[in-house]
Amino acid sequence: MRRRARPGGGNRAARAVALASAVLLLTGCAQSVDPIERLGKKAAEGVRRSAPAPERAYRRWGLAAPLAAPPRHAARPLATRTLSQAGVVDRVTTTDRVVFLTYDDAAVRDRSLTALIGELRLPVTVFTTPDTLGPGRAARLRAAGVTVGGRLPRHPALTGLPRARQRAELCARQDRLAARLGTRPRLLRPRADAYDATTLRAAADCGITALVRGTGAGDPDRLAHGAIIRVTPDDEGDLTGRTARVLREVQGRGLTVGNLRDYL
């Protein structure tokens, strides 16, 4: 005997199938979208946790007022520079009331310093090596607005080597930094006097415009127009605290911090 179908049974079955399909579809979409949603959530959290504006952050670092904005200078594109050799720079010739804060490898590892730089939006320059600047550190410096320059290697010593050998060493390091940063540095910090005239020509071959030396944070002449200050950790190894003290001195002299790449 043929069993009589219940009224509406077909509709209920169809609705059940449709509901199950919808659940599977939504579950699959949720799984596929979830990583994107997580990234979006992290980005939103990053915006919410972004550094306070300088006018609110300056007190945290012991400043009497926000640092004055530096004069605006349009940096001359590298393509317009025709250099036979890079120049060696200890200070910038300018009438602008600016000094320039520079750092070496220790700054790359100092998260507290990066926080200070980001909160005050300081246009500082950090000179480092490809081996020290990993992808995570590079991203952190970029987010803080730091300009990154290269450093001459300790080994091999370049002094006395032929131009082709020095060029190969310098350009390879430039390539590695460019891969980390997404842009090619054009400032380089030498180590003491570990360079010669051939180094300057090889540096220009690799797109470097200046070898930047500067003065130490304890130099009495550091707080003058155009001074390039080489900020190093204090006797207790505190780089952030020394930077805050230098900033208070800079502000007390009626100066502010300029962007070195805009002048070189």
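**Exercise 1. Describe the lining of the largest pocket in this predicted model by residue class, then locate the pocket.**

Solution. 
Step 1. Sorted by class, the lining of the largest pocket holds six nonpolar, five polar and four charged residues.
Step 2. The lining consists of 15 residues. Those nearest the pocket's centre are Thr-147, Val-148, Thr-183, Pro-185 and Arg-261.
Step 3. Strand E4 (residues 147-151) supplies the largest share of this lining, three residues.
Step 4. The volume of the largest pocket is about 290 Å³.

**Exercise 2. Decide whether helices H4 and H5 are roughly parallel or roughly antiparallel, and say which residues make their contact.**

Solution. 
Step 1. Two packed helices are described by the angle between their axes and the distance between the axes.
Step 2. For helix H4 (residues 111-120) and H5, the angle is about 25° and the axes are 8 Å apart.
Step 3. Angles under 35 degrees count as roughly parallel, so H4 is roughly parallel to H5.
Step 4. On the H4 side, the contact is made by Arg-111, Thr-114, Ile-117 and Gly-118. On the H5 side, Arg-140, Leu-141 and Ala-144 take part.
Step 5. By class, this contact of H4 with H5 has three nonpolar, two polar and two charged residues.

Methods:
Residues are numbered from 1 along each chain as its sequence is written. This is a predicted model: local features need pLDDT of at least 70, side-chain atom pairs count only at pLDDT 80 or more; totals for chains, interfaces and linings use all residues. Side-chain values use heavy atoms; hydrogens and water are left out. On a 1 Å grid over the protein atoms alone, a cavity is a set of points where a 1.4 Å probe fits but cannot get out, and a pocket is an open set with protein on both sides within 12 Å along at least five of seven lines; lining residues have an atom within 4 Å of a point. Grid points are joined across faces, edges and corners, and a volume is the space filled by probe spheres set on the points. Helices (H or I, at least four residues) and strands (E, at least two) are DSSP runs, numbered from the N terminus. Ala, Val, Leu, Ile, Met, Phe, Trp, Tyr, Cys and Pro count as nonpolar, Asp, Glu, Lys and Arg as charged, and the others, Gly among them, as polar. Axes are lines fitted to C-alpha atoms, for helices over the stretch in contact, and angles run from 0 to 180 degrees between N-to-C directions. Angles under 35 degrees count as roughly parallel, over 145 as roughly antiparallel, 65 to 115 as roughly perpendicular and the rest as oblique. Contact means heavy atoms within 4.5 Å.
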